[in-house]
Amino acid sequence: MNIEEYIASGILEAYVLGDLSDGAKAEVEEMIQLHPEIKLEVQRIENTMEQVAITSGEDPGISFREDLLQQVVEKEPDPLVDFTPESVNQRTLTIAVAIMGLFLSGGILLYSLAHAQRTKKEMATTAIVIDSLAQQGDSLHNLLDNVRQDRQILLDPNYEKVQLDGLPIAPNALANVYWNRSTTAVYLDTGRLPDSDGDKQYQLWAIVSGQPVSVGVFDLPGESILRKMDDVQDAQAFTITLESFGGVVSPTLDQMYVSGNVSS
Amino acid sequence: MQETSSHNLSQVKILEGLKAHDRAMFGHLYDQYGAALFGVAKRIVLSHELAEEVLQDACLKIWNGIEQFNAEKSRLFTWMMQIIRNEAIERRRSRISKESQKTSSLDLHVYKLEEKDFMEMKIEDIGLRRILEDLQDDVRGIVNLIYFKGYTYQEVADETGMPSGAVKTNLHQAMIALRNLPTDH
């Protein structure tokens, strides 16, 4: 029998429908392996049968769909289901048992899932809290370190305290400079100064030999208590002006906020 | 090969999902093929309720037995169609044997292998009906009995007296004609 005759015999349709004995089925599968034309023909038959089934299909309805999906999908593989039909009564009983089992296991599953979900959420929340506490701890630790260092400076007799009092532009303002003559180090406690705008910065000046020398710029509010400023030698006074961002070469006199003399 | 490729992609995707026991994917599978499978079952068992039971059992077998499906050998739909046909045929037989014990009669309407009219199967698609109407009577009778009503080749040969070779070639003729079914569904 040639291939055309084999195809025309209609055995391939029987094969696709599943209506062949095991022996005949194996023979067809061998022919499919040997002849691509036969394989192609089988695929055509499959397509046709699928198209006809889809075209002549009938939707059993949305509620059936929901029941079915719940029944089939919510259920783990269960040997109870894999029975061969015997009598209708026995079958109905088996289905009833299966459904009861299904509801039971479905309930347990849902409960476990909900529980697991909740635990998972709680763990996630806890992790976030721990994280944030750890961050807070870190920053508190840093702050404490800074305070300790600041305290060392404040307690150090080598640092002279220069109190800068408010000038007419800001009568209530106050700042302190801690200056070490021998090391020339300068620390600033900004005390009570109004916050600076984004495009303005405060600038600390030292008056050295009657001339203003810039000791650095800073923003307010700031994080630390004492700021390390530039070193300065032989200062007679300190003053703070509010200047353009980045500072200027010489202070703007009508923008002086605080000022104080070094005690000689 | 060309003509199957448009289906293969989604079949591959569906298969991956089913094998991973993706529940949502079973929903997709049902939406794509549920009506087709229900139609197959109902034409065989001739009862809406029985067809629902058959589809339910078949779906359990599909969901739990997806590992047994071999994509090298057939399309997914072919495998599912074989499962639901077997379920439906068994259901019909067990019902007939049960009823025949009560009535002592084999002369039941569901077992009559008359061609009858395929109109009663509520085939609404005009394209499909037209192709079926245009078939020779013998060919139409065979596609009706075997493909739609799920009788075996042997049953049909025995009951109609048609040689089993002729039964096969008639169904082949029908399937050739049905290739012209518009596939814009």
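**Reading the interface and the sheet**

Tutor: Across the interface of chain B and chain A, the rule finds 18 residue pairs in polar contact, both residues being at pLDDT 80 or more; a polar contact is a pair of N or O atoms within 3.5 Å, where, within protein, one must be able to donate a hydrogen and the other to accept it, and residues adjacent in sequence count only if both atoms are side-chain atoms. This is a predicted model, in which local features need pLDDT of at least 70 and side-chain atom pairs count only at pLDDT 80 or more, while totals for chains, interfaces and linings use all residues. Residues are numbered from 1 along each chain as its sequence is written, chains are lettered from A and ligands numbered from 1 in the order in which they are written, and side-chain values use heavy atoms, with hydrogens and water left out.

Student: How many salt bridges does the rule find across the interface of chain B and chain A?
Tutor: A salt bridge is a side-chain nitrogen of Lys or Arg within 4 Å of a carboxyl oxygen of Asp or Glu, and the rule finds five across this interface. The side chains of A:Glu29 and B:Lys73 form a salt bridge, with 3.3 Å from N to O.

Student: In what order do the eight strands of the open sheet in chain A stand?
Tutor: Strands of a sheet pair through backbone hydrogen bonds, either parallel or antiparallel. Here strands (E, DSSP runs of at least two residues, numbered from the N terminus) count as paired if DSSP finds at least two bridges between them, and the order is E5-E4-E7-E8-E1-E2-E3-E6, with antiparallel pairing. Strands E5 (211-218) and E6 (226-229) of chain A stand at the edges, each with a single partner strand, so one side of each lacks a neighbour in the sheet. Eight bridges join E4 (residues 200-208) to E7 (residues 237-244) of chain A, and A:Trp205 stands opposite A:Thr239 in E7(A).

Methods
Helices (H or I, at least four residues) and strands (E, at least two) are DSSP runs, numbered from the N terminus.
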